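Hi,

Here's the structure I promised to send over. Have a look at it first, and then read on for what turned up.

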Amino acid sequence: VVEGFTSRLWLLQNGYQNVVAAMGSKLSEQQKQLIFRARVNVILFLDNDLAGQDGMKKDGEEMYRKQPGVWIARYPTNRPGCQPDHLRSPSELHEAIAGALHYPVFQQGVRT
């Protein structure tokens, strides 16, 4: 799950077919219900800004309580304001997705 259509298109162009854009930094209740019905693992790959980080924490926690297959993508660099389509090399994009943390592990890092 990414925030916007540009990020979604960038992931599609790089071989990631199952990508949806929330069209914002938080998922709507309807969007979450659709994800729950699909019963799939989810990687939240929201923007690396305050709104995106807040969305990953709040939506991640709520989704994890209902469906334990929730992961949080990690940006290979800590550039504030970075978003998935700013990762211009396919290797950087893959690194962010492959390095995703299971939500409870991500949450432990947030609390420290």
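Which residues do ring pairs link into a cluster? The answer is Y64, Y103 and F106. Bear in mind that this is a predicted model.

The count of aromatic pairs comes to 3. In one of them, the ring centres of F45 and Y75 are 5.3 Å apart and the planes sit at 55 degrees, so this pair is tilted. F45 is in the loop between β1 and α3, while Y75 is in the loop between β2 and α4, 30 residues apart. F45 is buried at 2% relative accessibility, and Y75 is buried too, at 13%.

Since Y64 belongs to helix α3 and Y103 to helix α5, the pair ties together parts 39 residues apart in sequence. Y103 is buried at 4% relative accessibility, whereas Y64 is partly exposed at 29%.

One more ring to look at is W10: R88 lies over its face, 5.2 Å from the ring centre.

By type, the lining of the largest pocket has 15 nonpolar residues, 4 polar and no charged.

The second largest pocket comes in at about 190 Å³. Its lining has 11 residues, with N48, Q53, A73, R74 and Y75 closest to the centre.

Cheers

Notes: Residues numbered from 1 in each chain as written. Predicted model: local features only at pLDDT ≥ 70, side-chain atom pairs only at ≥ 80, totals over all residues. Heavy atoms only, no water. Nonpolar A, V, L, I, M, F, W, Y, C, P; charged D, E, K, R; others polar. 1 Å grid on protein atoms, 1.4 Å probe; cavity = no way out; pocket = protein on both sides within 12 Å on 5 of 7 lines; lining within 4 Å. Points joined across faces, edges and corners; volume = space filled by probe spheres on them. Phe/Tyr/Trp six-rings, centres within 6.5 Å; stacked < 30°, edge-to-face > 60°. Helix = DSSP H or I, 4+ residues; strand = E, 2+ residues; numbered from the N terminus. Buried < 20%, exposed > 50% of the residue type's maximum accessible area, 1.4 Å probe, protein only. Lys NZ or Arg CZ within 6 Å of the ring centre and 35° of its normal.
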